[in-house]
Amino acid sequence: MSTDNDIIRRSRASPAVFGELYDRHASVIYRYAARRAGDFAADDVTSETFLVAWEQLETYDLDRDDARPWLFGIATNLLRRHHRAEAKVLKTAAKAASRESVADSSDRIAAQVDAVVATGRIAGTLKSMAAIDRETLLLYAWADLTYEGIALAMDVPVGTVRSRLNRARRTLRTELNLGKLDETENDHGRLAAAARNA
């Protein structure tokens, strides 16, 4: 299987090969954009991401095997243009959080209400968070990038990513009354649950 940098290298000489990169990563870019700005913006952001990638093909660092951080960086920049739509999605989710707006007639419905309330609280907290911290957190949580991948996507040092994620987590813990979370960082910049006693 070809690496992303191999596809990009071949695309420079044969433009039709670029479709392989699209086929490989369009769905994850779409899902990320849909979560950030809704389905109505995700199609545009996805197609614009690959258009910008095509236009910037010559600037891609061929020493990097994985193009996902580069593509997510482009998508994140495009999503800034769609931030109004994202704010609207978060505002709608926060409004939907009211228990009174959902009928409660069984345990299943009660669980759904609790999920709606939790989603609304999280959406409200994300909406109130500094945009740069929210983008960093969402690249981590929704795009599943490592700290290094986020740093590449946002063109910042890894230490800056760590600081932004720390602020975002602190905001979430404070606003959602979660207290201190029991987590440790693994070698890939992702969080793993701390070992539990058997």
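# A walk through a predicted helical chain

Hi everyone. From the N terminus on, the elements of the protein chain run α-α-α-α-α-α-α-α-α-β-β. That comes to 9 helices and 2 strands, where helices (H or I, at least four residues) and strands (E, at least two) are DSSP runs, numbered from the N terminus.

A word on the source. This is a predicted model, so local features need pLDDT of at least 70 and side-chain atom pairs count only at pLDDT 80 or more, while totals for chains, interfaces and linings use all residues. Residues are numbered from 1 along each chain as its sequence is written, and side-chain values use heavy atoms, with hydrogens and water left out.

Let's start with the whole chain. Buried residues make up 39% of its 198 residues. Buried means under 20% relative accessible area, exposed means over 50%, and partly exposed lies in between, with a 1.4 Å probe and protein chains only. Next, contacts, meaning heavy atoms within 4.5 Å. Among the contacts in the protein chain with a separation of 6 or more, 59% are between residues 24 or more positions apart.

Now for the aromatic rings. Rings of Phe, Tyr and Trp (its six-membered ring) pair if their centres lie within 6.5 Å; planes under 30 degrees apart count as stacked, over 60 as edge-to-face and the rest as tilted. How many aromatic pairs does that rule give? The count comes to 6. Take Phe18 and Trp54: their ring centres are 5.2 Å apart and their planes are at 65 degrees, so this pair is edge-to-face. Phe18 lies in helix α2 (residues 18-37) and Trp54 in helix α3 (residues 39-55), so the pair ties together parts that are 36 residues apart in sequence. Are these two buried or exposed? Phe18 is buried, at 9% relative accessibility, whereas Trp54 is partly exposed at 35%.

A second pair to look at is Tyr32 with Phe72. Their ring centres are 5.2 Å apart and the planes are at 85 degrees, so this pair is edge-to-face too. It links distant parts of the chain, with Tyr32 in helix α2 and Phe72 in helix α4 (residues 68-81), 40 residues apart. Tyr32 is buried, with a relative accessible area of 1%, and Phe72 is buried at 1% as well. Ring pairs also link Phe18, Tyr22, Phe50 and Trp54 into a cluster.

Let's move on to helix α7 (residues 131-141). This helix is mostly covered, with 8 of its 11 residues buried. Those buried residues are Asp133, Arg134, Glu135, Thr136, Leu137, Leu138, Leu139 and Tyr140.

What does α7 meet? One partner is helix α8 (residues 147-154): the two axes come within 10 Å and cross at roughly 130 degrees. Axes here are lines fitted to C-alpha atoms, for helices over the stretch in contact, and angles run from 0 to 180 degrees between N-to-C directions. That makes α7 oblique to α8; angles under 35 degrees count as roughly parallel, over 145 as roughly antiparallel, 65 to 115 as roughly perpendicular and the rest as oblique. The crossing is right-handed: a crossing is left-handed if the near helix is turned anticlockwise from the far one by less than a right angle, and right-handed if clockwise. On the α7 side, Ile132, Glu135, Thr136, Leu139 and Tyr140 meet Tyr147, Ile150, Ala153 and Met154 of α8. Here is a handy reminder: an α-helix has 3.6 residues a turn, so residues three or four places apart point the same way.

Another partner is α4, whose axis comes within 12 Å of that of α7 and crosses it at roughly 140 degrees. That makes α4 oblique to α7, and this crossing is right-handed. Here Phe72, Thr76 and Arg80 in α4 meet Ile132, Glu135 and Leu139 in α7.

Tyr140 has one more neighbour: the charged end of Arg169 sits over its ring, 5.4 Å from the centre. By definition, NZ of Lys or CZ of Arg must be within 6 Å of the ring centre and within 35 degrees of the ring normal.

Finally, the loops. Asp144, in the loop between α7 and α8, has a positive phi of about 60 degrees although it is not a glycine. Asp144 is partly exposed at 46% relative accessibility. Asp155, in the loop between α8 and α9 (158-175), also has a positive phi, of about 55 degrees, and is exposed at 70%.
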